[in-house]
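Trainee: Please take me through this chain slowly, and give me the idea behind each term before you apply it.

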Amino acid sequence: NTRSTKMSISEMAEAISGVINQKITANCGILNSVNTRASNSNDVNYDLQERLRNSSEHSRKLGKWPDGLNDQYLQGLEDKYQLPRHILYNVMMQESGGKSYHDGVPVTSSSGAEGLFQFMPATAKQYGLTNPHDPQTAADAAARFYRDLLKKYDGNIEFALAAYNSGMGNVDKAISATLAAGGTNNWRDVREHLVTSSSNQEQVIDYVSKITDHISQDLNNIGS
């Protein structure tokens, strides 16, 4: 009887040990699964961050970012000033091709516009931009300028882009001419009444069209 009792206790101990081992194994499996999901999540976040650091996902490719700029910086400004996503990148690309300097020479247009965002001296002074060729301060000034333009034109991005390119005065005259002719206050009508030369009118329309098209493509490629 004593031997039978001892065997029974031994068997019970083995059974309990087996149950404990099964639970440990199961818990390890759960932990591994959680760690795998966390790792995959980290990989996704890392991939997204890498996509935001470079311009490979943009419809317009940029070979090298200007010093101090990347998508995260520009999108931070867009969030700060409540701008449409990807507007700063595409304005920068349209204005200067993403270059503040070309072969060591500051990028300046024949009309005197300077830097990544092609600020005219008077507008640069208005926004406190002392060096239009400094990428970060130029981007911040451009973001503030677009904030003001969008506020002036009730959030109409086409009007804001046209005003940035050709001046608010020309856009305001075009809006007035459109309404006087019985048209509506939208870009499709207003663009036909830009009070400029025909060649400049075509250039402004093309400017607005290219930027809005690329913003739309980037929203599809990268998201908001």
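Mentor: We begin with burial, where a residue counts as buried under 20% relative accessible area, exposed over 50% and partly exposed in between, using a 1.4 Å probe and protein chains only. The model is a predicted one, in which local features need pLDDT of at least 70 and side-chain atom pairs pLDDT 80 or more, while totals for chains, interfaces and linings use all residues. Residues are numbered from 1 along each chain as its sequence is written, and side-chain values use heavy atoms, leaving out hydrogens and water.

Trainee: Is Tyr146 buried or exposed?
Mentor: Tyr146 has a relative accessible area of 0%, so it is buried. Tyr164, with a relative accessible area of 11%, is buried because that value also falls under the cut-off. Lys64 has a relative accessible area of 66%, and therefore counts as exposed. Across the protein chain, buried residues make up 36% of the 224 residues.

Trainee: How many helices and strands does the protein chain have?
Mentor: Helices (H or I, at least four residues) and strands (E, at least two) are DSSP runs, numbered from the N terminus. Here the protein chain has 9 helices and 2 strands, and along the sequence they follow the pattern α-α-α-β-β-α-α-α-α-α-α. Lys64, the exposed residue, has its place in the loop between α1 (2-53) and α2. The C-alpha atoms of Lys64 and Gly98 are separated by 8.2 Å, although the two residues are 34 apart along the chain.

Trainee: Which residues of α3 are buried?
Mentor: In α3, 9 of its 10 residues are buried, which leaves the helix mostly covered. The buried ones are Ile87, Leu88, Tyr89, Asn90, Val91, Met92, Met93, Glu95 and Ser96. Just after α3 comes Gly97, which takes a positive phi of about 70 degrees.

Trainee: What does Glu95 touch, leaving aside residues up to four places away in sequence?
Mentor: A contact means heavy atoms within 4.5 Å. With those close neighbours in sequence not counted, Glu95 touches Leu116, Phe117, Gln118, Tyr164, Asn165 and Tyr207. The C-alpha atoms of Glu95 and Leu116 are separated by 6.7 Å, while the residues are 21 apart along the chain. For the protein chain, among contacts between residues at least 6 apart in sequence, 49% join residues at least 24 apart.

Trainee: At what angle do α3 and α6 pack?
Mentor: Axes are lines fitted to C-alpha atoms, for helices over the stretch in contact, and angles run from 0 to 180 degrees between N-to-C directions. Helix α3 (residues 87-96) and helix α6 (residues 157-166) pack at about 35 degrees, with their axes 13 Å apart. At this contact, Ile87, Val91 and Glu95 in α3 meet Ile157, Leu161, Tyr164 and Asn165 in α6. These residues divide into 5 nonpolar, 1 polar and 1 charged, where Ala, Val, Leu, Ile, Met, Phe, Trp, Tyr, Cys and Pro count as nonpolar, Asp, Glu, Lys and Arg as charged, and the others, Gly among them, as polar.

Trainee: Which residues of α5 and α6 meet?
Mentor: The axes of α5 and α6 come within 9 Å and cross at roughly 125 degrees. That makes α5 oblique to α6, since angles under 35 degrees count as roughly parallel, over 145 as roughly antiparallel, 65 to 115 as roughly perpendicular and the rest as oblique. Ala142, Phe145, Tyr146, Leu149 and Leu150 in α5 meet Ile157, Ala160, Leu161, Ala163 and Tyr164 in α6. By class, the contact of α5 with α6 has 10 nonpolar, no polar and no charged residues.

Trainee: How many aromatic pairs are there?
Mentor: Rings of Phe, Tyr and Trp (its six-membered ring) pair if their centres lie within 6.5 Å, and planes under 30 degrees apart count as stacked, over 60 as edge-to-face and the rest as tilted. The count comes to 8 aromatic pairs by this rule. One of them, Tyr127 with Phe145, is tilted, at 5.2 Å centre to centre and 40 degrees between the planes, and both residues are buried. The rings of Tyr146 and Tyr164 have centres 4.7 Å apart and planes at 15 degrees, so that pair is stacked. This second pair links Tyr146 in helix α5 with Tyr164 in helix α6, 18 residues apart. One aromatic cluster is formed by Phe119, Tyr127, Phe145, Tyr146 and Tyr164.
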